[in-house]
Amino acid sequence: MTEERYGEYVLVRRHGDGVGHVAELVLDRPKAMNAVSTEMARSIAGACAALGADRDVRVVVLTSTHERAFCVGADLKERNSFSDADLVRQRPVARGAYTGVLELPVPTIAAVHGFALGGGFELALSCDVIVADGTAVVGLPEVSVGVIPGGGGTQLLPRRVGAARAAELIFTARRVEAAEARELGLVDVLVEDGRDREEALALGARMAANSPVGLRAAKRALRLGHGLDLRAGLEVEDAAWRAVAFSGDRAEGVAAFNEKRRAEWPGE
């Protein structure tokens, strides 16, 4: 495993044996429960840009080093010192962190324990799959402090749970504990306490065993096709299919199947 720092608060681990081709994007600001400051937002965006450009990365798992929190959202202590002009200047930096995760071209998994609130939950919602343990508490409480979700929450949450349920959760600003979160579809996989990271990395390894060309194309089709009418969605899928149908991965996958061996993906 190799490690690389992006600023003071973000760490990227590239895993080897067992979870090869899985990169771990680690939120590492424990003194602030991973509250997203301007500096941390800039680092998340930078790490995502590097991971997205790395063709060796097939899956990204978003984790936290804090024992009691995934991420508690925006750094409100920092925000309290902002002038209106400061807030305007910070906005594109903050957005860059959330869109950085959302636009990663490979499958993404959030490993959530403890508090995932506001922008912290939006980072998880920006991932394709959310794995949570029994300590998880999630929610979008922004209206309780006079703002609204600004990291994609008003758009991503309805896509998960429907418009009415998202409205209830956002308008009440309530926090949702793990069992109910799983029941409502706010998280996808519920695991034993303390096992969120381990299970998310294991899930990532299962995904990463598949064709890297196929994974990227499948994600592109899922994301671009969502919300379109069926005819338009099928055109998106067809374009993605054509992108992989004549690839080296497709040829290797078919050959490996017929030869009853493990595929050695060329990634092209």
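A residue counts as buried when its relative accessible area is under 20%. The legends below describe close-up views of a predicted model.

View 1. Leaving aside residues up to four places away in sequence, the contacts of Met207 are Val59, Pro107, Ile109, Val129 and Leu215. For Val59, the separation from Met207 is 148 residues in sequence, whereas the C-alpha to C-alpha distance is 7.1 Å.

**View 2. Helix α3, with a kink at Gln90.** The 19 residues of α3 reach 27 Å from the first C-alpha to the last, close to the 27 Å expected at 1.5 Å a residue. At Gln90, shortly before the proline Pro92, the helix has a kink of about 35°. Gln90 is also one of the buried residues of α3.

**View 3. The buried residues of α3 and the elements that cover them.** Buried in α3 are Gln90, Val93, Ala94, Gly96, Ala97, Tyr98, Gly100 and Val101. Among the elements covering these residues are the helices α1 (38-53), α2 and α4, together with the strand β6 (108-112).

**View 4. The largest pocket and its lining.** This pocket holds about 930 Å³ of space. Its lining consists of 37 residues, and those closest to the centre are Gly73, Ala74, Asp75, Leu76 and Arg79. The helices α2 (76-80), α3 (84-102) and α4 (119-125) each contribute at least two lining residues. With six residues, α3 gives the most to the lining of the largest pocket. Sorted by class, this lining comprises 18 nonpolar, nine polar and 10 charged residues.

**View 5. The second largest pocket and its lining.** The space in the second largest pocket is about 730 Å³. Of the 23 residues that line this pocket, Leu102, Asp128, Lys219, Leu222 and Arg223 lie nearest its centre. At least two lining residues come from each of α5 (153-161) and α9 (212-225). The element that gives the most to this lining is α9, with eight residues. The lining of the second largest pocket is made up of 13 nonpolar, one polar and nine charged residues.

Technical notes. Residues numbered from 1 in each chain as written. Predicted model: local features only at pLDDT ≥ 70, side-chain atom pairs only at ≥ 80, totals over all residues. Heavy atoms only, no water. 1 Å grid on protein atoms, 1.4 Å probe; cavity = no way out; pocket = protein on both sides within 12 Å on 5 of 7 lines; lining within 4 Å. Points joined across faces, edges and corners; volume = space filled by probe spheres on them. Helix = DSSP H or I, 4+ residues; strand = E, 2+ residues; numbered from the N terminus. Nonpolar A, V, L, I, M, F, W, Y, C, P; charged D, E, K, R; others polar. Expected span 1.5 Å × (residues − 1). Bend = angle between axes of the 7 residues up to and from the residue. Buried < 20%, exposed > 50% of the residue type's maximum accessible area, 1.4 Å probe, protein only. Contact = heavy atoms within 4.5 Å.
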